Amino acid sequence: MKALIYSTKEFEKASLQNANQQKHDITITGKPLNMDTVKMAEGFDVVVLFTNDDASEPVLRALNDLGVKYVATRSVGVDHINLKVAAELGIRVANVPHYSPNSVAEHTVALMMALNRKLIMADTKAHNYQFDLSSLIGFDMYQKTVGIVGLGTIGKVVADILKGFGCKLLVYDKYAEEADDYEGVTFVTLNELLATSDIITLHAPLTEETKYMITQEQIAKMKTGVMLINTSRGGLVKTEDVLHGLRDGKIGYLGLDVYENERGIFFKNHFETEGRDELLTDLLNFNNVIITGHQAFLTNEALTNIADKTIQNLDEWQLGTPEECNAKVGKIHPLEELQ
């Protein structure tokens, strides 16, 4: 297969090359896929994307005109690909249904602990030789109630980690089977989870059902001073409403690895006056907010898993016709977590 890999980061190159072993003719570029760069795909069988690439209808139609018949994404999430148009054009789509769930789960809990124990503030104070403790009071995780929205592979690892802290775990996921008898969690309605959780962590994909699942209406139902964590998709929360929640003290802590307007901002550096986003800047002005740039997946193990599965998708496409090959989008429930 002749493949063009868009949005390739320096840290991905070795994993992709090791996985490929010169089986396929791959070309890598750091440029994202969009209408300005789609012409680069002329002469390729496959384009390989990442989460912030643009595979909307006009881009897919342009790819089809160029003869591209396969689109692979190096992610579980496929919200950046118009699957309906791809199917209409006969373009095959493949994702990475699973990779190291520990990478995202551990980052999720790291955000919780850094916010709780005010580690960023403490480190800044220490670097300035300020060692007073008055502004650094946290809380015990033991016996705190954590609401997990989405009990897929990552949500389950988050739950397992939090069990070690002695947390009480509530789960909202109408697609998960309670019959699985997942020990140590209690399934509740979303409203009950919002009203009783000290910490709420989101592990859901971005779909029509989950778009803005956290707005002013849901925030009003939460405990005052709640901690909200999102390491899944930025569009799950309405940022303007979260800002209001921070300003009035309803949200006491906010940890984000994703942001609804992150395309064009995350994954690259910006000059002082370039690439600034007003909402993001407002969030960063709060000392009870920690934002990381979509890095929760970024471990050696996860990068290896992602590269291996991406090349496997190309292998399967090479072995069969578009109708016969096995590579396809993994089954995604609306409340399974993604990264």
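I began with the lining of the largest pocket and sorted it by class: five nonpolar, seven polar and five charged residues. This is a predicted model, so I keep that in mind throughout.

**Pocket, continued.** I looked up how many residues line the largest pocket, and got 17. S7, P32, G264, F266 and K268 are the ones that lie nearest its centre. For the space inside, I have about 300 Å³.

**Helix α4.** Next I checked the length of α4, residues 101-116. With 16 residues at 1.5 Å each, the helix should span 22 Å, and I find its end C-alpha atoms 23 Å apart, so the two agree. Then I went through burial along α4. The buried list reads S103, V104, A105, H107, T108, V109, L111, M112, A114, L115 and N116.

**Positive phi elsewhere.** Most residues other than glycine have a negative phi, so I went looking for exceptions.

Q21 is not a glycine, yet its phi is positive at about 50 degrees. I placed Q21 in the loop that runs between α1 (13-20) and β2 (25-28). Is Q21 buried or exposed? Its relative accessibility is 56%, and the cut-off for exposed is over 50%, so Q21 counts as exposed.

Y212 is another non-glycine with a positive phi of about 50 degrees. I found Y212 in the loop between β9 (199-202) and α8 (216-221). At 28% relative accessibility, Y212 goes down in my notes as partly exposed, because that class lies between under 20% and over 50%.

Technical notes
Residues are numbered from 1 along each chain as its sequence is written. This is a predicted model: local features need pLDDT of at least 70, side-chain atom pairs count only at pLDDT 80 or more; totals for chains, interfaces and linings use all residues. Side-chain values use heavy atoms; hydrogens and water are left out. On a 1 Å grid over the protein atoms alone, a cavity is a set of points where a 1.4 Å probe fits but cannot get out, and a pocket is an open set with protein on both sides within 12 Å along at least five of seven lines; lining residues have an atom within 4 Å of a point. Grid points are joined across faces, edges and corners, and a volume is the space filled by probe spheres set on the points. Ala, Val, Leu, Ile, Met, Phe, Trp, Tyr, Cys and Pro count as nonpolar, Asp, Glu, Lys and Arg as charged, and the others, Gly among them, as polar. Helices (H or I, at least four residues) and strands (E, at least two) are DSSP runs, numbered from the N terminus. The expected span of a helix is 1.5 Å times one less than its number of residues. Buried means under 20% relative accessible area, exposed over 50%, partly exposed in between (1.4 Å probe, protein chains only).
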